[in-house]
Amino acid sequence: MSLDTVVILAAGEGTRMKSQTPKVLHSIAGRSLLGHVLAACETLNPQQLRVVVGSGREKVEAHLKEIAPKVTTVFQEHRGGTGHAAQLALADLTPQGTILILAGDTPMLTGESLAQLLEGHHAGGFTASVLTAEHPDPTGYGRIIRGDDGSLVRIVEEKDADEFEKAIEEVNSGVYAFDAVKLAGAIGKLRNDNAQGELYLTDVIEILRNDGGKIAAVCIDDFTETLGVNDRVQLAEAEALLRDRTNEKLMRSGVTIVDPTTTWVSVEATIAQDVTLLPGTVIGGKSTIATGAVIGPRSYLVDCTVASGAEVKESHATSAVIGENASVGPFTYLRPGTNLGANTRAGAFVEMKNATLGDGSKVPHLSYVGDATIGEGSNIGAATIFVNYDGVEKHHTTVGDHVRIGSDSMLVAPVTIGDGAYTAAGSVITEDVPAGAMGVGRAKQRNVIGWVLRKRPGTKSAEAAASAPSTDQEG
Ligand code: UD1
Ligand code: CA
């Protein structure tokens, strides 16, 4: 079944959001509201897709260029209502076949429901079909007025509704399928004699009906799909509903989610079977988690690739690659460009960025590894710092295979530590260390014997020193 045109209305000011960001660019589950609507339409394969833009036009168009470059935009300079926006979208369109119109602020809609609406529309030979739902709290939505025979007579907006009409729980989702030719004939007849002084697209239903058109109202079971986001309360509602929907889909596909109420997975992420997500975990962006990985508790991953069997505890990672059976955390911060090989470890209080850790290498404790390439089987001792910044520029450090970096080493970049080399604990390494050498970069220790008794008499330290068995040694 072919669909000729899809029009998404996204020019409104979104006043109730109270935001500098255009409403349709606010996001839930890692995707903009408009992006969700576009994703739902994608499966319908329309011949053309138009988005009406207005408020925040530049930002919306830039976003569209990124996520849906084939979409054409229509500019609505002044907000004249949904009917006015639809008029503009149709202005230079040769009407043919079926046109689907929907709003950019209904992110919960699924492609299946849209397909269902279109199927009924075509099968019944309708002039217009409206997607509706029964809301437990219909406040704010246009209400569906049905005649005695149950057919759709008109849609009345909340602001124009009387008490009787306000009590109706069946609402307009803002999604309509139209016979394009009939719509083009009726859209010019809209009038703005209503509470908001706008042209309402909803009024076209009554116009078409009065012209003898056949109108359908298709009520879907799951009202949450038709949730419109007009303010931040509804934004959070939609976010929670989408979280539940995503988590349910993941669990049904074989992912263990210990606490679905505190686990948030972006719709763009891919989670394999037998992954375990522990409480408080957020998987954002286009992350990919392979089978057997255990993420959490309380881990935050954005645009990361995690290989099978890896574990990421209590950690934060962005644009990082975590290898097979790697172990990350707790309290690890992996910044963009971190690439951990198989069987590696980035342990507690370790920060890494733009750094590659070869297979089997470990950074177990309290270290900063920035701008580095580390070979295989090497160990970076506790509290080692890769000193990558000279105050002006960043420099690179190369560490070979099977290297042992002593605890509290400072590797001052640019510097290279050869294969199999060691550095002494506490060294400041400013020169390259050849393969197999021990780099020592620290002052030789001396003990000033008796210093405490002479300089700190009467203290607990002096007392302890005096009663120690070996204080009489000379140095
Ligand atoms: C609209 C419907 C209402 C329905 C609800 C569903 C009308 C008159 N009312 O109300 O029956 O229950 O959606 O969510 O259609 N827009 C433009 N240009 C404009 C005005 C709006 O492009 O001049 C766009 C907005 O960006 C938005 C969509 O149209 O994406 C709907 O507008 P909005 O103001 O949110 O309408 P509602 O009051 O929610
Ligand atoms: Ca709305």
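How many nonpolar, polar and charged residues are in the lining of the second largest pocket? I looked it up and found nine nonpolar, nine polar and six charged residues. (Ala, Val, Leu, Ile, Met, Phe, Trp, Tyr, Cys and Pro count as nonpolar, Asp, Glu, Lys and Arg as charged, and the others, Gly among them, as polar.)

Ground rules: I am working with a predicted model, where local features need pLDDT of at least 70, side-chain atom pairs count only at pLDDT 80 or more, and totals for chains, interfaces and linings use all residues. Residues are numbered from 1 along each chain as written, chains are lettered from A and ligands numbered from 1 in written order, and side-chain values use heavy atoms, without hydrogens and water.

Second largest pocket: I noted a volume of about 670 Å³. (On a 1 Å grid over the protein atoms alone, a pocket is an open set of points where a 1.4 Å probe fits, with protein on both sides within 12 Å along at least five of seven lines; lining residues have an atom within 4 Å of a point.) Of its 24 lining residues, Leu38, Ala39, Glu42, Ile67 and Ala68 lie nearest the centre. Helix H1 (33-42) is among the elements that supply at least two lining residues, and H1 gives the largest share, five.

Largest pocket: I read a volume of about 1,200 Å³ here. Its lining has 45 residues, with Arg16, Arg79, Thr82, Asp105 and Asn230 closest to the centre. By class I got 13 nonpolar, 22 polar and ten charged residues.

Definitions and conventions:
Grid points are joined across faces, edges and corners, and a volume is the space filled by probe spheres set on the points. Helices (H or I, at least four residues) and strands (E, at least two) are DSSP runs, numbered from the N terminus.
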